[in-house]
Amino acid sequence: MELSADKNLGNPMRRLLCHGRNSGMRPERLECQTSQIIRLGRHPDSDLVFVDDQVSRRHAEISPRGDEWVLHNLSTTNPILVDGLQLTGEMVLGARHTLTLGTTSVLLEIETGPGGSSRTKAEALAGLVEYLDRLELITDAESMVELTLHVLHKHCRATWTGFLGNEAEELRVRAQYPENLAGNSFLSRELNRRVLTELKPVWQASVGTEGDISESLRRVHDSLGVPLIDSRGPQPRTLGVVHLYRQQDKFLERETHFAQIVAQMASHWLSNHRDRSALAAALERLRARSGVTDQLVGTSPAIKELKRKIEKVAVSGLAVLVRGESGTGKELIAAAIHRLGPRGLAPLIAVNCASIDHMRAESDLFGHEKGAFTGADSRHAGYFQQAHEGTLFLDEVGELPLDCQAKLLRALESGVIRPMKGRELRVDVRLIAATNRNLEVEIAAGRFREDLYYRIAPVVIEAPLLRNRVGDIRLLAQHFLDRLALSCHRVVRLSPRALLALEAYSWPGNVRQLRSVIEAGFHLADGDEIVPEHLPMATTTVRSSDDSLNLEEAEKRMMTLALGRTGNNLSRAAELLGIHRETLGIRARKLGLLPRA
């Protein structure tokens with residue numbers, strides 16, 4: 001017997017065909033493309049009547065929802081199996097299913113009519129157009145992944161979707177949609193591995209036989225993994241894998257095709273984004289590399305000699321130890337060596353060893369795997385891995401604990417590191433170290449390894465002290481004022497007396513302290529001029545030949561500066577010093593700065 005109703009509807013929906021597998025169902029075949037509900041059960045008025053005591057009187061029903069068919073389980077005592085899995089609640093039917101009620105099996109097939117097929121294609125096309133429109137407005141990879149998963153979830157009717165970036169390509173994004181399912185969902189490692197290995201979409205049905213499917217995949221009815229591949233260049237690169245899962249239903253052919261098209265669009269966007277990001281980073285590094293030694297402001301003999309040595313040692317690729325007091329610009333020197341060398345376009349990773357927690361030093365330097373210690377809930381790439389093919393700058397290297405010094409020595413000698421609880425990795429890193437300690441004294445005291453010292457210091461560069469390059473103070477001060485003017489949109493100048501005070505000061509904190517003093521004076525100045533009262537310096541700590549606090553030496557130094565600045569013009573020099581011309585003449589002659597009258 002065959003039932004066919006309302007075939008003249010303006011927009012015929014997908015036809016549902018029911019075939020009984022044995023004589024336990026009447027009629028043995030049912031075809032329907034109407035808006036009516038199809039009832040299954042033992043009751044005589046059911047559309048599909050089952051002659052089976054294990055079937056409830058009102059066991060199930062199939063109802064239309066839009067252009068889809070939805071199966072509802074109505075029985076609380078007798079189960080209904082869909083493709084061998086028990087159904088609780090409802091599910092949207094796919095193209096083909098086997099239902100089992102009691103001992104009777106029913107084959108369900110859904111065929112799309114001309115109207116339904118056109119509508120489905122139009123919806124898919126509209127979904128792709130919407131995806132492309134929104135993709136044009138996105139500027140970061142995380143937002144692109146979020147949009148992709150949302151579109152796939154909506155148009156492929158997935159229970160949840162996910163994305164795993166390929167770590168080998170340095171895209172470590174992991175995302176899932178919807179997020180509120182995270183506790184009850186997963187992203188299968190087996191499915192991900194198969195996709196990365198085969199470089200093509202993998203449907204759960206192609207994973208293998210029942211025994212080959214992982215325990216996690218047994219929890220879902222259907223799964224699909226689609227690779228994002230950059231096919232440009234001689235070798236294709238896998239950028240990541242999109243995951244789609246169904247809890248109670250199977251994906252249709254058109255849905256898998258839609259997912260592949262979206263994945264191709266996402267791959268194209270991601271490849272272009274990576275190229276743009278790499279180009280921008282390279283351009284920024286080229287800009288930074290251009291005139292890099294010009295950032296070492298000054299024309300004093302000490303600065304000229306420093307620049308000459310930097311340019312020579314940069315191209316050598318040797319390890320360098322930069323020594324000097326705090327605030328002398330050791331990190332700026334290291335940056336100049338890196339950028340002028342053959343690794344200038346690669347990363348420069350700067351690490352202050354004094355800020356490293358001694359308990360975490362090994363992890364910070366060499367990395368760790370998930371579970372390496374309490375709180376290690378994810379993999380961490382250490383500083384050596386981050387600096388691969390670039391430069392690692394270890395500031396205050398003398399602060400490293402001894403056990404970490406030993407591991408650092410092995411890494412530098414072998415080029416091999418071992419993350420905590422991980423396997424050995426080969427790294428290619430140039431080392432630049434810096435210290436304000438006397439490492440020879442530290443070695444004698446047993447606080448620093450002598451063999452490590454020889455490894456990190458084949459070349460030693462001394463950072464000059466600011467008090468030994470007085471002629472550069474004016475240039476440095478103006479350099480800092482120019483930067484402040486750009487950022488604050490305000491021009492402020494140093495008064496002659498303020499400049500004289502700066503040049504007379506001993507600068508125990510070197511260039512770093514000078515920068516702080518200029519910044520403070522800039523903000524404290526009432527108008528457009530900085531005077532000595534705006535400079536937060538210890539007025540008693542003035543320069544002397546032996547760095548003492550001798551007032552006569554300080555007076556002699558300031559007078560020498562004032563007379564030198566004015567070409568021995570007593571009137572102008574006295575104005576700079578804020579004293580009377582005759583007083584200056586008397587004191588200058590007494591100190592031997594002027595010939596006696």
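**Notebook: looking around a predicted chain**

I began with His 489, which counts as exposed because its relative accessibility is 72%. For my own reference, exposed means over 50% relative accessible area, buried means under 20%, and partly exposed lies in between, using a 1.4 Å probe and protein chains only. I found His 489 in the loop between α12 (473-488) and β25 (493-494). Its phi is near 55°, a positive value in a residue other than glycine.

**Ground rules**

I noted that this is a predicted model, where local features need pLDDT of at least 70, side-chain atom pairs count only at pLDDT 80 or more, and totals for chains, interfaces and linings use all residues. Residues are numbered from 1 along each chain as its sequence is written, and side-chain values use heavy atoms, leaving out hydrogens and water.

**The whole chain**

I looked up the secondary structure and got 17 helices and 26 strands. Helices (H or I, at least four residues) and strands (E, at least two) are DSSP runs, numbered from the N terminus. Of the 597 residues, 47% count as buried. Next came contacts, meaning heavy atoms within 4.5 Å. Among contacts with a separation of 6 or more, 63% are between residues 24 or more positions apart.

Which residues touch the most other members of the largest nonpolar core? I wrote down Phe 384, Leu 392, Leu 394 and Ile 456, out of 31 residues in that core. A nonpolar core here is a set of buried Ala, Val, Leu, Ile, Met, Phe, Trp, Tyr and Cys residues joined through side-chain atoms within 4.5 Å. Several elements supply at least two residues each, including β19 (348-352), β20 (391-395) and α9 (402-414). The largest share, 5 residues, comes from α9. Another core lies apart from this one; it has 29 residues, among them Leu 149, Ala 158, Met 265 and Ala 266.

Leaving aside neighbours within four places in sequence, Leu 394 is in contact with Val 351, Cys 353, Leu 365, Leu 408, Leu 431, Ile 432, Ala 433 and Ala 434.

**Tyr 245**

Is Tyr 245 buried or exposed? Tyr 245 counts as buried because its relative accessibility is 0%. I placed Tyr 245 in strand β17 (residues 237-246). Ala 158 is 87 residues away from Tyr 245 along the chain, yet their C-alpha atoms are separated by 5.6 Å. Not counting residues up to four places away in sequence, Tyr 245 touches a list of residues that includes Ala 158, Trp 160, Phe 186 and Phe 251. I also noted a polar contact of 2.8 Å between the side chains of Tyr 245 and His 243. A polar contact is a pair of N or O atoms within 3.5 Å; within protein, one must be able to donate a hydrogen and the other to accept it, and residues adjacent in sequence count only if both atoms are side-chain atoms.

Ser 363 sits in helix α7 and is buried, with a relative accessible area of 1%. A polar contact of 2.7 Å joins its side chain to that of His 368. Beyond four places in sequence, Ser 363 touches His 368, Phe 373, His 380, Gly 382 and Met 420.

His 43 lies in the loop between β4 (38-41) and β5 (48-50). His 43 is buried as well, with a relative accessible area of 18%. Its side chain makes a polar contact of 2.5 Å with the side chain of Asp 45.

**Helix α6**

I checked helix α6 (residues 330-340) and found Lys 330, Ile 333, Ala 334, Ala 335, Ala 336, Ile 337 and His 338 buried. What covers these buried residues includes α5 (301-314), β18 (320-323), β19, β20, β23 and β24 (459-462).

**Backbone notes**

Where is Pro 178? I found Pro 178 in the loop between β14 (174-177) and α3 (189-198). The peptide bond from Tyr 177 to Pro 178 is cis, with omega near -10°. The bond from Arg 26 to Pro 27 is also cis, with omega near -10°, and Pro 27 lies in the loop between β2 (25-26) and β3 (29-32).

My last stop was Arg 157, in the loop between α2 (141-155) and β13 (160-165). Its phi is near 55°, a positive value in a residue other than glycine. Arg 157 counts as buried because its relative accessibility is 19%.
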